[in-house]
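Please look over the sequence and the model that come next.

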Amino acid sequence: MNNDNQTILGIDVNLICEFFLNTERQGPGSPEVTLKALSFIDNLTEDSRIADLGCGTGGQTMVLARHAPGHITGLDFFPGFVDRFNANARKLNLQDRVKGIVGSMDNLPFQHEELDLIWSEGAIYNIGFERGLNEWRNYLKTGGYIAVTECSWFTEERPAEIHDFWMEAYSEVDTIPNKVAQMQKAGYVPVATFILPETCWTEHYFAPLVKAREIFLQQHAGNKTVEELIEFQHYEVELYSKYKEFYGYVFYIGRKI
């Protein structure tokens, strides 16, 4: 994201967020993957404090809340996401220990060493992987965990088309060993690293977008920017189909030392 003018690849971020209000998840992932990552987290209790940064509408957060004890704060900069997040928590009768708030990843409203777990699926790129690991560490208790997903290269070399696409979209994309090294350098013990399966993209992300696009095009008939957004999404699907052996999302889980 370009924080100066609030655009992603030249498209107004508010428009993008409005589009994703029609989806359960705002990026690749699945309940199964969220639970797999959670299985590496120890020592959570009813008193634990958890933050889901860049929570979106809370698809992954609600999975966490149903399978982990403690109080969860979901944070997102887009008020529409937070409203939907809190409505979803109420539907599941989780509102007593799950709350969404509007806020910024680079100015977190938590105390020093307040949190037992920081979670962020498909969102740390907004602040940058390395910066996020370093700055967010201040809010974790010693022995606390961080669990994030980050787009990463699976190979040392890749075709120019996909390399150039990601360098323009998010230049911090790197190989898995380099990402793990960044986690260690930031003061974490790497606990687990695993690649999200293809179904996290195809079934849980791309497939639901089909209906969401129909709705959005109807709501914004004739809007050229919306048409550009939809066109870009089709290109993203095409690229993944062609080059999925070279890149994907990876879960990185670390413990603060």
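What follows describes a predicted model.

In soluble globular proteins, nonpolar side chains tend to be buried together. Here the largest nonpolar core has 83 residues, and Trp136 and Tyr247 are the members that touch the most others. For tryptophan 136, leaving aside residues up to four places away in sequence, the contacts include Leu53, Met105, Leu108 and Ile118. Ser120, Ile124, Ile127, Ile146, Val148 and Tyr188 are also among the residues that tryptophan 136 touches.

The cysteines come next. A disulfide is a covalent bond between the sulfur atoms of two cysteines. A search of the whole structure finds none. Cysteine 17 has a relative accessible area of 6%, so it counts as buried. Cysteine 151 is in no disulfide either: its nearest cysteine sulfur belongs to cysteine 200, at 13 Å. With 3% relative accessibility, cysteine 151 is likewise classed as buried.

The last stop is the surface. Which residues form a nonpolar patch there? They are Val189, Val191 and Ile257, which together have about 220 Å² of accessible area. Valine 191 belongs to strand β9, which covers residues 188–195. Its relative accessibility is 31%, so valine 191 counts as partly exposed.

Terms used. Residues numbered from 1 in each chain as written. Predicted model: local features only at pLDDT ≥ 70, side-chain atom pairs only at ≥ 80, totals over all residues. Heavy atoms only, no water. Patch = residues over 30% accessible without salt bridge, like charges linked within 9 Å, V, L, I, M, F, W, Y side chains within 5 Å. Areas by Shrake-Rupley, 256 points an atom, 1.4 Å probe, with all protein chains shown as cover. Salt bridge = Lys/Arg side-chain N within 4 Å of Asp/Glu carboxyl O. Helix = DSSP H or I, 4+ residues; strand = E, 2+ residues; numbered from the N terminus. Buried < 20%, exposed > 50% of the residue type's maximum accessible area, 1.4 Å probe, protein only. Disulfide = S-S within 2.5 Å. Core = buried A, V, L, I, M, F, W, Y, C linked by side-chain atoms within 4.5 Å. Contact = heavy atoms within 4.5 Å.
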